[in-house]
Amino acid sequence: MTPSPRGSPAWPFSGLDAPAESDLYKCVHCGFCLQACPTYVETGLETESPRGRIALMKAVNEGRVGISAAVSGHWDLCIQCRACESACPSGVPYGRLIEATMAEVEAQRKPSPLSRAAANLLLRRILPHQGRLAMAVSGLRLYRKLGLQWAVRKTRVLRLISKSLAEMELTAPEVPSRAFKAKGQIIPAVGEQRARVALLSGCVMPLVHGPQMDAVTRVLARNGCEVIVTAGQGCCGAIHSHVGDLETARNLARRNVDAFLGEPVDAVVVASAGCGSRMKEYAHLLEGDDEYSGRAKRLGGMVKDVHEFLANLSLVPPERALPYRVTYQDSCHLSHAQRITEAPRELLRAIPGLELVEMADSTRCCGAGGTYTITQREFSLRVLRSKMDNVRASGAEMLATANPGCVLQLQQGAAQFGPPVEVRYVTDLLDEAYGPEPRGASTSRRRKNNKRTTVNNNETNV
Ligand code: SF4
Ligand code: SF4
């Protein structure tokens, strides 16, 4: 087949980030994934199913259709929750396929100058730089405090400028006054030291959920871990991968490889499911990079989700009873991308007095997913409403989950659709169940000598 020139209606996938044919043609169109897919369940349409989306990828790959707006619209509506991947008996790596497909779409999309500038500002100029992001978040706090948010919403002025800007404003989270900062601090283990870990701070989570990040460090310390909040780390690149900006994602991954492999630790612990999933797959992201591919693989092997890590370490039992009726929402990037479903439940069950009740379809997405809540707001709310119906039916008074995007989305669901449940991280509940720390236990210290040392290849992971 002779490919038609780029830009013509039938240009097949190409380039460094094109979906691999070995992945694409694994799909045998059996349809076992359909009922796992939230967009298929909501619409009943084949084109909004994993099988339909893969069929479109094949059609583009074979030059039968081009990447038109109509075609890419079906991929845009995919939440990238990867539920289809864990349901697929043929092992189709859908996450890799959609990531590569979105990179091709982004290369061909022609957004308006305003949208291009906004995306560039957010993804490349703000998110990768923690200081700039912190300033933007402080601006958001001020915006609320001065009553500007109330005025903007009342007058609906943003709708006159841009509908998507107005939608984005509606998703703006409450921001605590205290942020969590990665500055190389070390939090000592409480009691006998059982492990030494580095902690990913990330980009958005330390700013919008700073107190909850502090709780993660306390829980790890209570479990005998010395925690290093590695300086020089940054955004993991998950959001960039989601929207097809793999070049920025690769640059961010390289920075984290450099930062974390300088720490002689047993594991790199991640408290956000989306970030953990991205970092575990750095090897694939950097496979074409001779300098970094081997080190990216090594870092990926050291990354542990915090629930996975604590469950494997054997949890120090908390003693304080929490009389809460809790249901657990599986974050997609924990249950489908990392295949971890039991560990968070095991941790919740270890809390005395806590009653864990299961809701229907707990592994189905809540409608968050990178920038999905902004770019596909209507559909995101539709999926969220179904989720909240299941929460209501469970009779729980509290909803636990494992990812900042899910926490924010579910909080919005509770406020907009009910039931009025409190949404918490599993680690936050554990922290509460451990109670106040022993005197002086949490005193973190700054490293006197922040020089990097090379990690031993034979370092064992917990
Ligand atoms: S992705 Fe897997 S489950 Fe879905 S149709 Fe293809 S082979 Fe079947
Ligand atoms: S990633 Fe999620 S939304 Fe996308 S096709 Fe798979 S199951 Fe459906």
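The model is predicted. Ligand 1 has 14 residues around it, and 14 residues also surround ligand 2. Strand E4 pairs with E2 and with E5.

**Shell around ligand 1**
- Cys27, Cys30, Cys33, Arg51 and Cys88 come nearest to ligand 1.
- H3 is the top contributor here, giving the most to the shell with three residues.
- By class, the shell around ligand 1 holds ten nonpolar, three polar and one charged residue.

**Shell around ligand 2**
- Ten residues of the shell around ligand 2 are nonpolar, two are polar and two are charged.

- Strand E4 spans residues 267–270, and both of its faces are covered.
- Ala267 and Val269 are buried on one side. Val268 and Val270 are buried on the other.
- Strand E2 (residues 195–199) runs parallel to E4, and three bridges join them.
- Within that pairing, leucine 199 has valine 269 of E4 as its bridge partner.
- E4 also pairs with strand E5 (residues 303–305), in the parallel sense and over three bridges.
- There, the bridge partner of valine 270 is aspartate 305 in E5.

How values were computed: Residues numbered from 1 in each chain as written. Chains lettered and ligands numbered in written order. Predicted model: local features only at pLDDT ≥ 70, side-chain atom pairs only at ≥ 80, totals over all residues. Near = placed C-beta within 6 Å. Nonpolar A, V, L, I, M, F, W, Y, C, P; charged D, E, K, R; others polar. Helix = DSSP H or I, 4+ residues; strand = E, 2+ residues; numbered from the N terminus. Buried ≥ 20, exposed ≤ 12 C-beta atoms within 10 Å, placed from the backbone. Pairing = 2+ DSSP bridges.
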